[in-house]
Amino acid sequence: MKTFKSIFEQYNWDEIQSRIYKTTSKEVERTLAKTKRNLDDFLILISPIAQNYLEQMAQQCHEITKKRFGKTIQMYAPLYLSNECQNICTYCGFSLDNKIKRKTLSDAEIKLEVEALKETGFDHVLLVTGEANYTVNINYFLNAINLIKENFSIISVEVQPLSTEDYERLHEVGVYSVLVYQETYHQDVYKKYHTKGKKSNFDYRLETPDRIGSAGIHKIGLGVLLGLEDWRTDSFFNALHLDYLQKKYWQTKYSVSFPRLRPAEGIIEPNFIMDDKDLTQLICAYRLWNEDLEISISTRENEKFRNNIIPIGVTSMSAGSKTNPGGYVVDPQSLEQFEISDERSAEEISKIIKNKGYEPVWKDWSKSYF
């Protein structure tokens, strides 16, 4: 089966980077005048010179998002099940070489965490674990999903890359979406960030969305870890990946997330700083390029940024998040994967969204229609 790898190999990092940074004002103006845009237009919209047109980009984004998604924001919460991990990754608090207490939630503990989330109104949960194949594996995931699936309309997962057969099993028990991040598409330096474990296999991770798509999962979420390498070039390759997937698995929905490198136990400092203006430009570029793409903003981002980005192009937000296993009630002091920036409660975020003239959506579809 042809996979994204064959497309990826046709592109060169340095050549793409050069094209991005050589973009002219006239190219940006021509792109903004279009009603439909392609991947070359996306490249132009993430260029440094395009930032001079940010206000115009934001205005167009607002109108496009309102037309396509209405004035709604889907609410979700992450539920961290385990911080066990067999990988050594230089940017992650769960990295195997960090001498920290490891924890994997039991059935009883999962139920307690679910109760806490339900009390705050969430109906969309994102299950997250480290990558420890011997303990948090497909059998653990299936058991956890069966425990909680009657409590949530939407269950998403962000776990280690799996086989097509395992994704099919997740689909069968009700998983709606799978998130997987390449972290960086810069293959030449990928190994220096992922020094040990299965995650160090660049190609296996690169082809993971193909396996998800083949399994019939309803939505695939992509993204890069912003701060490892040049965000503009990495984001082009992420868009290239999305473009390929949308054409091949056209019945599948897609989302993009924007994890900026945040403080965590034992991590490196970002190699490339991405400020709020940069991230706003990137969100606008995605929306102007792809009207159907769902755009998610997590509590990694600060309060001011999250407040202001609501009317521009976002379709989903997390709130009241804990990034440690048992963080809601079971074990609040266990190690976080990274520090969150926006610590406001789900109720507070809901009020902010309403004050912006938008509607926070806790449940927008029923299993009976699926």
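Predicted model: local features only at pLDDT ≥ 70, side-chain atom pairs only at ≥ 80, totals over all residues.

Reader: What is the mean pLDDT of the protein chain?

Author: The mean is 92, and 93% of the residues reach 70 or more. pLDDT is the predictor's confidence in each residue, from 0 to 100.

Reader: How many disulfides does a search find?

Author: Zero, over the whole structure; a disulfide is a pair of cysteine sulfur atoms within 2.5 Å. The cysteine sulfur nearest to that of Cys 85 belongs to Cys 89 and is 6.0 Å away.

Reader: Is Cys 85 buried or exposed?

Author: Cys 85 is buried, at a relative accessible area of 12%. Buried means under 20% relative accessible area, exposed over 50%, partly exposed in between (1.4 Å probe, protein chains only). Cys 89 is buried too, at 7%.

Reader: Switching to strands: why is S3 largely enclosed by the rest of the structure?

Author: Because six of the six residues of S3 (residues 124-129) are buried. Helices (H or I, at least four residues) and strands (E, at least two) are DSSP runs, numbered from the N terminus.

Reader: Which strand is joined to S3 by five bridges and runs parallel?

Author: S4 (residues 154-158) is one, with Leu 127 opposite Val 157. S1 (residues 72-82) also pairs with S3 in the parallel sense over five bridges; pairing takes at least two DSSP bridges between two strands.

Terms used:
Residues numbered from 1 in each chain as written. Heavy atoms only, no water.
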